[in-house]
Amino acid sequence: MSPPERPLLVVALGGNALNPPAGDQGYAAERTAVQQAAGQLASLAAQGWRLLVVHGNGPQVGRLLGTQADPADLDIHVAQTQGELGYLLAQALQNACCHPVAALLTRVEVDAADAAFAHPTKPIGALLAAPPKQVAALPVGGGWRRVVASPRPLAVVEASAIATLLREHHVIAAGGGGVAVARTAAGHAGLPAVIDKDWVAARLAIDLQAQALVFATNVAGVQSDHGTPAARTLARLPLAQAHALLAQGTLGAGSMAPKVESAAAFVQACGRPAAILHTDALAQALQQPAPGTWVTP
């Protein structure tokens, strides 16, 4: 796969950026949040970047699941939210930048024997008053959250289609980390799992040889001495220091650690920088002075 003629920027857009933090689950609020994110993305497009956007979908999947105990059809819910958010993002971004945008329902292959399936850790759905029967759950905030596996991505099934679309379009793909599928004798089969979108964004950025990779989240960047009075946001995080931070185990396993790990994987594979920054600073991501934390070779 070859990169498009315009420099390619892969953006991993946090799910909270597409859902108001106050918890309003209505579509009107979601449309507003998506339009705000699209405005930031359009600014990057105006700077000459071709965009591949990989977005989160946690709040939207939670809305679909509700208090339903059995997450067996989680693959369908991930696909549904890819359609929902892909449509809203594609329309808002195309309206804002006047350039074709395509949203692609995307499957991501995982290993059905991945150890993650024996140790599910990813919370999904609403807070439950009692632990569900025959479904893995963890106590959280006075209630219970169901948990599912978060296996490692092996390959993006639609990777070739994404590369083709990028020749003429900005692309929204692999929403929610993609629909988790495993190879079977008949082809692929969906699995009730959640793949970390940051891992998939890095996988695509590496495969497509992107010029840069940006993780947009709800914090200003990576902090040294996180959780202490001495905490400060790092403007630069050399690759060796990133690996050292990951080894310390002080980064949030479900939040910052996947971003730093994914950024480091891209930097190591491609020799190009990756940034972790607040969604509000996304439009300035590639300008100077650069916001957020930049992982560098």
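This is a predicted model: local features need pLDDT of at least 70, side-chain atom pairs count only at pLDDT 80 or more; totals for chains, interfaces and linings use all residues.
Residues are numbered from 1 along each chain as its sequence is written, and side-chain values use heavy atoms, with hydrogens and water left out.

**Strand 9 and its partners**
- Strand 9 covers residues 170-173, where strands (E, at least two residues) and helices (H or I, at least four) are DSSP runs numbered from the N terminus.
- Strand 3 (residues 101-104) pairs with strand 9 in the parallel sense over four bridges, pairing being assigned if DSSP finds at least two bridges between two strands.
- Strand 2 (residues 50-55) also runs parallel to strand 9 and is joined to it by two bridges, with V171 as the bridge partner of L52.
- H170 and I172 point one way from strand 9 while V171 and A173 point the other way, and all are buried, that is, under 20% relative accessible area with a 1.4 Å probe and protein chains only, whereas exposed is over 50% and partly exposed lies in between.
- In a regular strand the side chains alternate between the two faces of the sheet.

**Helix 2**
- The buried residues of helix 2 (residues 58-65) are P59, Q60, V61, G62 and L65, and they pack against helix 1 (27-46), helix 3 (74-97), strand 5 (122-128) and strand 7 (143-148), contact meaning heavy atoms within 4.5 Å.
- Just after helix 2, G66 takes a positive phi of about 55°.

- L127 lies in strand 5 and is partly exposed, with a relative accessible area of 46%.
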